[in-house]
Amino acid sequence: MSSLLSLKNLHITFDTPRGQLAAVRGVDLELLAGESLGVVGESGSGKTVLSRASMGLLTMSTAHRTGTVIFDGQDLSTAPRDTVRSTWGTGMAMIFQDPMTALNPVRRIGSQLTEGLRVRLGMSKKEARGRAIELLKLVRIPDPEKALRKFPNQLSGGMRQRVMISIALACNPKLLFADEPTTALDVTVQAQILQLLSDLRKELNMSMVLVTHDLGVVAGHTDKIAVMYAGEVVEYGETKELFANVRMPYTEALLNSIPRLDQKSSGRMTVIEGRLPDPTKPEPGCAFASRCPYVQDKCRTEHPELQQSENGHQFRCHFPLGVAK
Amino acid sequence: MKSTAPLQRLVQLLLVVVGSTFFVSILIRLLPVGLEDIYVVNPDPVGRAKEISDLGLDLNPFAFYFRWLSGFFRGDFGSYVYPGPTLEPVSEHITRTLPVTLQLIVYVQIVALAFAIPLGLVSAYKVGTRVDRVISNGLFIFSSVPSFVIALLLAFYIGVQLGWVPPLGYAPPFCSAEDIDSATACGFGEHFKLMVLPVVSLSIPLIASYTRLLRTDVIATLREDFVTMAASKGLSNRRILWTHVFRPSSITLFTSAALNMGALVGGALVIETIFSIPGIGFEIALAIGSRQYFALQAYIAIIAFGYVFFNVLVDLTVGLIDPRAKERRK
Amino acid sequence: MKFKQMGIFSKACVVWLGLVMFFVVFGQFIPLPKPTDFDIEAMGVGLFDSWKHPLGTDSNGYDLLSNAILGARPSMLISLVSVFIGGIIGSTLGIIAAYKRGKLDYIVNTVFNIVLSIPNLVLGLALVAVLATNPDPNIEVPTSRRVFVIVLSLTIVIVPILGRIARGATLSWSNREFVVAARSMGMKDSKIIIKHIVPNVLPAIYAVGFLAIGVVIVVEGSLSLLGVGIVDGVSWGSMIARVRGDLEFAPHSMLVPVTILALTVIACNQLGDVLRSRLDSREGRL
């Protein structure tokens, strides 16, 4: 399989009134064609910024990006704006967190869905309509003809998210970014949407980057996982390998914070103590040091590098778990 | 709000019509001068009493008002009263002058929106840049210059000194047989030539305030997820601005444009006087100047009805522009 | 707000309004040709053409500089007084109505809407024309009565404009915790309004008050132009009205009052705007 997306030493900083905010700090990632990657982290860990920046959607003048983004053999970090834009929709597409705010409230589903088809693929009105109905069927929306005429606020949350997925899939992208696609939905609908995404990915042979704060979400739906903390990838590996051999204390903490049915009801839910470090003031040592239960002196002074271990498993820790010293 | 809201609103709007005309009615009865002294000149006491009662001036202010109101709803808009007394129905004046003012106001709105919409979109899209600052600051100054100042300057420099267009006057857009017989200026060419200066004077301050309203809302819309979403489809910025950003940002703009119609009648009053346009504004000024208070009451009633009409129009159409607006009202 | 923190444009506006106010107060004491004295030897002198008449004269030989300086007092006083009185009446009504809610609020709000439904200028014109009438139309109404009527009419125009702002601000403030707390502790309504509501509503009224001064100056100018302003006075509006007829002989004679009037309106609007945006950012932080 060939490399579809590769990020090399990607840095994103924002100008803020309090100084430079480093949202993403030197991320290297590789995604193969047809592969799915889960990007996991707390809010503020830089995962959403990472996905938007990989697509080039951060257009505000306060955002600065360095490093390279190569998509489908094309270096997008140096390419002109129009070239980058030409990959959107047809090459890469994105599903946003809240379908209520990501669908234009004043336009009907039909026009929002056919717009990309007509502008990007040059379809006629009739062709686009036919394809739109096909797409709505693909995301399992009952009575698609009727749905085309509706406004976003006339659909349920789950239906809206299905519509958004169909819009993202409209121009057959090779890579789909899904930014917290289930966070804004009811718990009962979340599983359905995740299953749908998983199925569609296999059906259409797409690659997918699934961004979430919930390790439980990615567990069953992605080939690989990258755990992010304070703008860095702190653990990376194949899903099975990573769950079997958690090396990074932060990942362990994340796992413990998932509420589980098999836990005793009296047991309190574990939350990770402390807060993310201030992104405007980088610390010299490990970013997780202040919250890590296993912290040692070295962690506070020396920044850990990403280490490779067997099966492509990578982690950023001086004292990884499960490794005898 | 409950489902009675539209009804309540209608009641309130009707109160506006009744209140404003009642206000005028009371006002003219409280004149330091009795209306009978102005309108009735008959020295014979019997004739005088009859004339006073014909005009309803012997009634108390409330009865006087209800007489006027019931007449108004039966289509009797009252009369110009000349000594004698000779009556001349106000409705004749209205049918002659109202269309002229409506032409003027519609042109002004079209011109103002045609400039304000692109300017507002551009300055919001380029917020904080030099383009935005030039547009915003330049327009701010224009928005503060009274339209009669612009009108006087234009009439003199463009109309008189440069002579590009006639400095004053009006020509109807369609020629009637009479116009042709009497060789009065008429037809589209003449009509638009004479309308240019008044329309420009009234629209410049409007362009400024409309641009400002739209800019604020567009800046807010540009932060919405659905704009990023539209971008991620690979659409061009121009397309995104027009098809995704403009409509959800335009509610305030169109609402205030509709509710501005009344204020524009006030603006038209001065502008029509300066440019000698026989519109309803000019007619109101004339009526006030020649103490035609019955006519004044009819004009105020028409303006109040216009106010109500445009309020209802806004209520009814706002949901068509933005389906969210309906939900917010609930 | 500190003068130093303002933008250059706002500073210019403050300076301009300061100058205008200086002329309002001290204009009478500056040795200038009286506005009623006309210079028969210098009719239609252009801008900056003569040392004796720096801004020139109009076609009748009236000195434009002295006219403009002395015109500041009637123009500005009429505006300031009517905005001040109208502001006090309007905000009192608005605050009490919004605080008490219920029927009183409905009535006050309806009255505001009624007055607002009539365009400023039509209302002003109607009031002036109705209130300043004589049985015999050929006898001039005395200036003092005219000024009184104009101020009264403009006050009526201002009441609902500022009243609505006060009402809106009060509605949002009267639900804040500290007001509810004060009420639950049995504080008297009048005391709550004075101690808690008024200080918070005032900034919004100041901001819109500046804009209202601009509105009133324009309406006053328009009234003069329509021939119902202060006819024999020398307000800026009446200067414009006087020279309108003979522009061809001395075009600059209109340029002078028109520019001064426009600059004053721009300055008032700018300061009102600065106050309002500062207010918005303060509210935003809460």
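**Strands and domains**

Me: Which strand of chain A is joined by two bridges to E5(A)?
Reply: Keep in mind that this is a predicted model. The two strands run antiparallel, and the one joined to E5(A) by two bridges covers residues 63-71 of chain A: strand E4.

Me: Which residue is the bridge partner of A:Phe71?
Reply: Look across from A:Phe71 into E5(A). The bridge partner there is A:Gln74.

Me: Why is one side of E2 and of E5 in chain A left without a neighbour in the sheet?
Reply: The open sheet has four strands in the order E2-E1-E4-E5 (chain A), with antiparallel pairing. That puts E2 (19-32) and E5 (74-75) of chain A at the edges, so one side of each lacks a neighbour, as each has a single partner strand.

Me: Over in chain B, which residue of E2(B) stands opposite B:Tyr80?
Reply: E1(B) runs antiparallel to E2 (residues 86-89) of chain B, with four bridges between them. On E1 of chain B, B:Tyr80 sits on the uncovered face along with B:Tyr82, while B:Ser79 and B:Val81 make up the covered one. Opposite B:Tyr80 stands B:Glu88.

Me: And how many charged residues are on the side of domain 1 of chain B that touches domain 2 of chain B?
Reply: Seven residues of domain 1 of chain B are in contact with seven of domain 2 of chain B. On the domain 1 side, helix H1 (5-29) and E2 of chain B are the elements giving two or more residues. That side has five nonpolar residues, no polar ones and, for charged, two.

Note on methods
Residues numbered from 1 in each chain as written. Chains lettered and ligands numbered in written order. Predicted model: local features only at pLDDT ≥ 70, side-chain atom pairs only at ≥ 80, totals over all residues. Pairing = 2+ DSSP bridges. Buried ≥ 20, exposed ≤ 12 C-beta atoms within 10 Å, placed from the backbone. Contact = placed C-beta atoms within 7 Å. Nonpolar A, V, L, I, M, F, W, Y, C, P; charged D, E, K, R; others polar.
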